[in-house]
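Hello,

Here is the structure I said I would pass on. My notes on it follow below.

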Amino acid sequence: MLTLNLWQPKPAAPPAMAVARAEPQRPLLRIVVLNTKGGCGKTTLSTNLAGYYAARGFRTALLDADPQGSGLRWLSKRGEGHAAIHGMSGCDKSGRVTRSFQLRIPQDTERLVVDTPAALDSLRLQDLTRGAHAILIPVLPSDIDIHAASRCIAELLLAARIDDRTERVAVVANRVKKHTRVYATLRRFLDSLDIPFVASLRDTQNYIHAVEQGLSIHELESHNVKQDRYEWAALIEWLESRTPDGARHITQVSASDISVR
Ligand SMILES: Nc1ncnc2c1ncn2[C@@H]1O[C@H](COP(=O)(O)OP(=O)(O)OP(=O)(O)O)[C@@H](O)[C@H]1O
Ligand SMILES: [Mg+2]
């Protein structure tokens with residue numbers, strides 16, 4: 001049986017018993033990570049985002065909309081001692097996808113991260129991106145992936161009828177090896193899009209070490225992840241600027257700020 005380290009929404013308590021939180025609840029930010037191309041880093045980005053926000057004290061939920069269940073498997077490895085994340089499956093027991101409106105997101109969720117499967121059809125694409133404040137598209141530096149990403153972005157803009165693309169959609173280059181020709185090609189492709197390009201994440205074993213422990217790179221103590229935290233700063237900054245109340249709940253993100261332990 002799958003045992004998840006979840007935080008549960010508190011049941012409604014009479015006012016006398018209510019425990020006041022130090023901070024008022026922050027508005028829900030829905031982040032959807034998608035790319036119809038497999039293996040580009042959707043789950044890696046989703047789990048690292050969920051881990052980051054949870055470790056920073058946000059009520060965080062991870063919705064795994066992929067029948068493969070990699071996001072929930074990551075969560076099942078997360079030890080008790082780490083900031084809790086509420087895990088939800090977007091699929092029923094037979095692996096069929098659940099429509100997003102049928103899912104109950106805990107009321108006090110502040111950051112919802114949605115990990116999506118590859119090969120989404122346009123109905124599902126529409127369903128999963130409805131109401132999203134931020135849609136992140138991880139892209140690998142390879143000819144095949146660049147081609148697939150341009151198709152995915154076109155499909156997304158059409159299917160989800162996104163007309164405020166610079167507001168909601170951003171691209172993240174993943175598994176980057178700088179100073180390679182294909183990375184230069186990816187940069188040219190990303191520069192040609194009318195979509196913000198918010199981060200370049202390097203290819204590193206740190207993501208693999210983190211996933212093995214149910215952690216994000218932000219929760220690893222080693223000084224080896226300093227560069228990776230630095231690469232995340234601009235991404236977090238962009239996401240925080242998408243919050244529905246327009247207020248950044250993490251201001252002035254810097255590499256040292258990303259360090260959570
Ligand atoms: N920046 C990175 N550095 C090193 N390895 C990475 C990085 N990002 C992802 N990986 C590895 O690449 C593989 C695919 O990543 P991931 O599972 O996140 O992709 P995905 O898009 O979710 O795949 P799928 O479409 O099958 O769901 C994994 O083994 C992951 O550990
Ligand atoms: Mg995945």
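**Overview**

Of the 261 residues in the protein chain, 40% count as buried. A residue is called buried if 20 or more other C-beta atoms lie within 10 Å of its own, exposed if 12 or fewer, and partly exposed in between, with C-beta atoms placed from the backbone. This is a predicted model, so local features need pLDDT of at least 70 and side-chain atom pairs count only at pLDDT 80 or more, while totals for chains, interfaces and linings use all residues. Residues are numbered from 1 along each chain as its sequence is written, and chains are lettered from A and ligands numbered from 1 in the order in which they are written.

The secondary structure of the protein chain comes to nine helices and seven strands. Both are DSSP runs numbered from the N terminus: helices are H or I with at least four residues, strands are E with at least two. Among contacts between residues at least 6 apart in sequence, 78% join residues at least 24 apart. A contact here is a pair of residues whose C-beta atoms, placed from the backbone, lie within 7 Å.

β4 (111–115) is mostly covered, with five of its five residues buried. Arg-111, Val-113 and Asp-115 are on one side of β4, Leu-112 and Val-114 are on the other, and all are buried. In general, side chains in a regular strand alternate between the two faces of the sheet.

Strand β1 (residues 29–33) pairs with β4 in the parallel sense over five bridges. Two strands are said to pair if DSSP finds at least two bridges between them. Leu-29 has Arg-111 of β4 as its bridge partner. Strand β2 (residues 60–64) and β4 also pair in the parallel sense, over five bridges, and there Ala-61 has Leu-112 as its partner.

β2 pairs with β3 as well, in the parallel sense and over four bridges; Leu-62 stands opposite Gly-87 of β3. Strand β3 covers residues 86–89. From β3, His-86 and Met-88 point one way and Gly-87 and Ser-89 the other, and all are buried. His-86 has 23 other C-beta atoms within 10 Å, which is why it counts as buried. The C-alpha atoms of His-86 and Thr-109 are 8.8 Å apart in space, although the two are 23 residues apart in sequence.

**Helix α4**

Helix α4 (residues 143–159) has 17 residues, and the distance from its first C-alpha to its last is 24 Å, close to the 24 Å expected at 1.5 Å a residue. The expected span is 1.5 Å times one less than the number of residues.

Which residues of α4 are buried? They are Asp-145, Ala-149, Cys-152, Ile-153 and Leu-156. These lie on the same side of α4 because they cover an arc of only 100 degrees around the axis, the arc being that of the directions from the helix axis to the C-beta atoms. They pack against α3 (122–129) and β5 (134–139). The face of α4 turned away from that buried side carries the exposed residues Asp-143, Ile-144, His-147, Arg-151, Ala-154 and Leu-158.

**Val-172 in β6**

Val-172 lies in strand β6. With 26 other C-beta atoms within 10 Å, Val-172 is buried. Leaving out residues up to four places away in sequence, Val-172 touches Leu-45, Leu-136, Ile-137, Pro-138, Val-198, Ala-199, Leu-201 and Leu-235.

**Ligand 1**

Ligand 1 is surrounded by 19 residues, the closest being Gly-38, Lys-42, Thr-43, Thr-44 and Ala-118. A residue is near a molecule if its C-beta atom, placed from the backbone, lies within 6 Å of it. At least two residues of this shell come from each of α1 (42–55), β6 (169–176) and α7 (205–212). By class, the shell has six nonpolar, nine polar and four charged residues. Ala, Val, Leu, Ile, Met, Phe, Trp, Tyr, Cys and Pro count as nonpolar, Asp, Glu, Lys and Arg as charged, and the others, Gly among them, as polar.

**Positive phi values**

Most residues other than glycine have a negative phi. Ala-119, in the loop between β4 and α3, has a positive phi near 55 degrees. Ala-119 is exposed, with 9 other C-beta atoms within 10 Å. His-179, in the loop between β6 and α6 (181–192), has a positive phi near 65 degrees. His-179 is exposed, with 7 other C-beta atoms within 10 Å. Arg-161, which follows α4, has a positive phi near 45 degrees.

Regards

Notes: Contact = placed C-beta atoms within 7 Å.
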